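Here is a short report for a first look. Keep the sequence and the 3D view open while reading.

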Amino acid sequence: RSTECVDLVCSSPGTRRHVKIHTWGRPGAYRVYIQASLHADEIPGLLVANHLMKLLDDANLRKEIVGEVVIVPFANPIGLSQQLNGHHLGRFCFETGQNFNRDWIDCTDTVAEAVTGKLTADAAENIKMIRQAIYDCVSQKEALEEDVYLKKLLLERACVSDVCLDLHCDGDAVLHMYTHDRLWPQLADLSQEIGTECQIVDSDSGGNCFDEACMNIWARLADKFPTFPIPMGCEASTVELRGQDLVYDDIARTDALALYRFLQRRGVVLCSPYSPPYTYFSTPPALEITVRSPSPLTAVDMVKSPCAGVVAWLVRPGAEVVEGQVLGEIVNVDDVDAPRVAVVSRTTGIVFGMRNHKLVRPGQIIIKVAGTVPLPWRSGKLLTS
């Protein structure tokens, strides 16, 4: 394993933060990039990455890594340091108020200009050319602020990869994932191996998250140059590792082993009689896709609290619900005689995520239901803030 420690821009005298980037395998081979806890208060990914790194170290000793694996075990040292009155707040940058996983660099126009007149009928050559153009675009961006520099650094390392996995979690949730609608069923092997209960696809969430910065450009370029073969040259996904409180060693090791199997299935890590338990000792069997069909992001009902109070849930993550079903009730703690206010699902599907704080305010998104039918009011910015 090679380890690179990259210092971020110094934001204040006497302070310095860094990012560690670990690499196994052969440079230039099929490359999988994995980062954990970009939203720095989403902790499960930190423990999963720790387990996966140890598995890769062992595989490296056995000379079984034939591709290239890059792991950033803590992707956001800025957010990791943000504590207020004993509470860790790592979703938004204290200095700017910006969500760490929104508004990443979009190189589409710059790259389109760079490759105009140079694309060929060779898809592999087009991928190589476009990757270099994306990297050049990202690396040339000015980054004076610490958080901007962090985004630039991470995207530089990710954008040249065949696969990019961004490990997150939700408040209280089942294991689920997001990806581009053109990457399904291409990424169904990831879903099947890690055991997601819900998968959500879209072409543009409106937030330009990290995974979208890695993959959406490929779809846009394919649309812009339809006469040339331009595959989805980066298969990216945000993997939501259940809820914030599910940070347990046995769960994390199980998830790490699942990611290891995915690496084996993609040919990055060899299968051998010495592979870890619960992984593949020989060529992985043909994959039977049994996971749930993906839901369009426009078919996800993000239900808001109608009023202030304490929410008393009648369902839990993973529940199958129908349109019109009461999911929970808001209790008015100021008036013991006040009637409870129902929280109602506006679609039929699976409850995949819930707010883990039960004292709610009007307008807060408190529960998410993934259906199959696009909802007419779902447009524009489709993610939570």
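In which helix is asparagine 50 found? It is helix H1, which covers residues 44-61. Bear in mind that this is a predicted model.

## Asparagine 50

Asparagine 50 has a relative accessible area of 36%. Buried means under 20% and exposed means over 50%. Asparagine 50 is therefore partly exposed.

Alanine 256 lies 206 residues from asparagine 50 along the chain.

## Helix H5

Helix H5 spans residues 146-158, 13 residues in total. From first C-alpha to last, H5 reaches 19 Å. That is close to the 18 Å expected at 1.5 Å a residue.

How many residues of H5 are buried? The count is 11 of the 13, so H5 is largely enclosed by the rest of the structure. Among the buried residues are Glu146, Asp147, Lys151 and Arg157. Leu150, Leu153, Leu154 and Leu155 are also buried in H5.

Strand E11 runs over residues 235-243. Nine of its nine residues are buried, so E11 is largely enclosed by the rest of the structure.

E11 pairs with strand E7 (residues 163-170) in the parallel sense. Seven bridges make up this pairing. Histidine 168 stands opposite glutamate 240 of E11.

Strand E9 (residues 176-180) is joined to E11 by four bridges. E9 and E11 run antiparallel. Here, threonine 179 has serine 237 of E11 as its bridge partner.

Conventions. Residues numbered from 1 in each chain as written. Predicted model: local features only at pLDDT ≥ 70, side-chain atom pairs only at ≥ 80, totals over all residues. Heavy atoms only, no water. Helix = DSSP H or I, 4+ residues; strand = E, 2+ residues; numbered from the N terminus. Expected span 1.5 Å × (residues − 1). Buried < 20%, exposed > 50% of the residue type's maximum accessible area, 1.4 Å probe, protein only. Pairing = 2+ DSSP bridges.
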